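Let's walk through a structure together, one feature at a time.

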Amino acid sequence: MTEQPTTHPVAIRAAAHLATIRQHWAELLLAIETPPADVWPPRQLVHTLRSADEEPLDVVDRAPLVLREHPAPLNLDALDAGLAIERLVFDLADTLAAVVQRAPFDDPRRWNYRSPTDPGSRAHGLHWAALYVEGRVLDEDTTPEQYPGIRFDAAPFAPLPEHLLHEAARVAHQCAGRLLRTLRLDQRTTPVPDRPCPWCRGELTLHTGPDEAPTVTCSTGPSCTAPVPCTPEGRRVWEWHALPALVAALGATEQRKQAPPVAA
């Protein structure tokens with residue numbers, strides 16, 4: 001019989017929050033090693049704007065935050081958020097595994113608990129923990145399978161009880177919200193301070209949201225001569241692909257302001 005994924009709306013929402021955490025986890029790791037950012041430029045442009053001679057910040061195969069030393073983090077808020085999110089997701093995986101896990105010890109899908117001498121599956125980091133939790137809330141791998149040496153058919157995992165589904169959804173929502181707020185990727189509209197539009201001197205506003213790339217609008221309206229389209233409300237808008245050009249134009253304006261006056 002083909003296993004059908006759950007369509008429970010709570011499970012779908014929880015899985016979406018867990019996907020958000022995985023999607024932005026690398027950005028949070030980078031934020032820990034980067035001084036707290038001002039409103040401008042948006043943190044999402046950090047990778048694009050890093051100079052070519054700067055060493056890239058590798059976020060692949062790093063030890064989990066809870067297993068690392070942090071001698072001098074540059075952004076304590078990001079570190080605190082990362083540690084809290086990891087702890088909550090790891091503990092949630094422990095809780096769900098204790099109730100529904102039936103997989104044998106050599107099954108790679110299994111969640112292994114930590115001990116005083118072994119971090120268990122926590123050593124694989126938050127991505128693996130979030131994927132494990134997502135599989136449990138979606139009731140994946142809950143149909144019987146044949147295991148060598150086991151005389152009966154068994155499912156690797158039992159279906160998740162409803163009370164634990166709601167608990168998993170609560171934790172996933174809490175963690176995704178904190179991550180997005182820390183990175184300023186939650187739904188917000190923020191004036192860009194001390195940086196008027198280079199074309200018309202209008203006020204620039206940064207728009208961010210959890211499921212959308214950042215954009216910037218100018219308050220002047222269609223009379224602004226910036227080489228970008230208008231929103232339905234008639235304001236010039238820099239979409240994601242146009243933001244590097246806006247950053248460059250603002251930088252050029254700042255350099256002109258700081259340049260010494262030319263002698264007559």
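This is a predicted model: local features need pLDDT of at least 70, side-chain atom pairs count only at pLDDT 80 or more; totals for chains, interfaces and linings use all residues.

## Reading the model, feature by feature

Q: How do I describe two aromatic rings as a pair?

A: You give the distance of the centres and the angle of the planes. Searching the whole structure turns up five aromatic pairs. Take F90 and W111: their centres are 6.3 Å apart, with 40 degrees between the planes, which makes a tilted pair.

Q: Where in the chain do F90 and W111 sit?

A: F90 is in helix α3 (residues 76–100), while W111 is in the loop between α3 and α4 (125–137). They're 21 residues apart, and the pair links distant parts of the chain. Both F90 and W111 are buried.

Q: What about the rings of W199 and W238?

A: Their centres are 5.9 Å apart and their planes are at 35 degrees, so this pair is tilted. W199 belongs to the loop between β1 (188–191) and β2 (204–209), and W238 to strand β4 (residues 237–238), so the pair ties together parts 39 residues apart in sequence.

Q: Which residues do ring pairs link into a cluster?

A: The cluster is made of F90, W111, W128, Y132 and F157.

Q: Can we step back? How many helices and strands does the chain have?

A: Six helices and four strands. Going along the sequence, you read α-α-α-α-α-β-β-β-β-α.

Q: How much of the chain is buried?

A: Of the 264 residues in the chain, 44% are buried. As for the surface, the chain exposes about 14,800 Å², and 55% of that comes from carbon and sulfur atoms.

Q: What do the contacts say about how far along the sequence residues reach?

A: Look at contacts between residues at least 6 apart in sequence: 59% of them join residues at least 24 apart.

Q: What is the idea behind a nonpolar core?

A: In soluble globular proteins, nonpolar side chains tend to be buried together. Here the largest nonpolar core has 44 residues, and those with the most contacts inside it are I21, W25, I85, V137 and L179. Helices α1, α3, α4 and α5 (162–182) each supply at least two of its residues. The largest share, 11 residues, comes from α1.

Q: Which residues does I21 touch?

A: Leaving out residues up to four places away in sequence, I21 touches I85, L126, A172, C175, A176 and L179. Apart from that core lies another one, of 17 residues, including V216, V228, L246 and L250.

Q: Where is T20 found, and what does T20 touch?

A: T20 is in helix α1 (residues 9–32). With a relative accessible area of 12%, T20 counts as buried, because the cut-off for buried is under 20%. Setting aside residues up to four places away in sequence, T20 touches A176 and L180.

Q: Which charged residue lies over the face of F105?

A: That's R110, at 4.2 Å from the ring centre. R110 is found in the loop between α3 and α4. R110 is buried, with a relative accessible area of 13%.

Q: What else does R110 touch?

A: Again skipping residues up to four places away, R110 touches Q101, A103, P104, F105, S121, W128 and Y132. A polar atom of the R110 side chain lies 2.5 Å from the backbone oxygen of A103. R110 and Y132 are 22 residues apart in sequence, yet 8.3 Å apart in space, C-alpha to C-alpha. Y132 has a charge over its ring, too: the charged end of R136 sits 4.8 Å from the ring's centre.

Q: Last one: which residues other than glycine have a positive phi?

A: D141 is one of them, with phi near 55 degrees, and D141 is found in the loop between α4 and α5. R184 is another, with phi near 60 degrees. R184 has its place in the loop between α5 and β1, and at 37% relative accessibility R184 counts as partly exposed.

Definitions and conventions. Residues are numbered from 1 along each chain as its sequence is written. Side-chain values use heavy atoms; hydrogens and water are left out. Buried means under 20% relative accessible area, exposed over 50%, partly exposed in between (1.4 Å probe, protein chains only). Contact means heavy atoms within 4.5 Å. Accessible areas come from the Shrake-Rupley method with a 1.4 Å probe; for residues, only the protein chains shown count as cover. Rings of Phe, Tyr and Trp (its six-membered ring) pair if their centres lie within 6.5 Å; planes under 30 degrees apart count as stacked, over 60 as edge-to-face and the rest as tilted. A charge sits over a ring if NZ of Lys or CZ of Arg is within 6 Å of the ring centre and within 35 degrees of the ring normal. A nonpolar core is a set of buried Ala, Val, Leu, Ile, Met, Phe, Trp, Tyr and Cys residues joined through side-chain atoms within 4.5 Å. A polar contact is a pair of N or O atoms within 3.5 Å; within protein, one must be able to donate a hydrogen and the other to accept it, and residues adjacent in sequence count only if both atoms are side-chain atoms.
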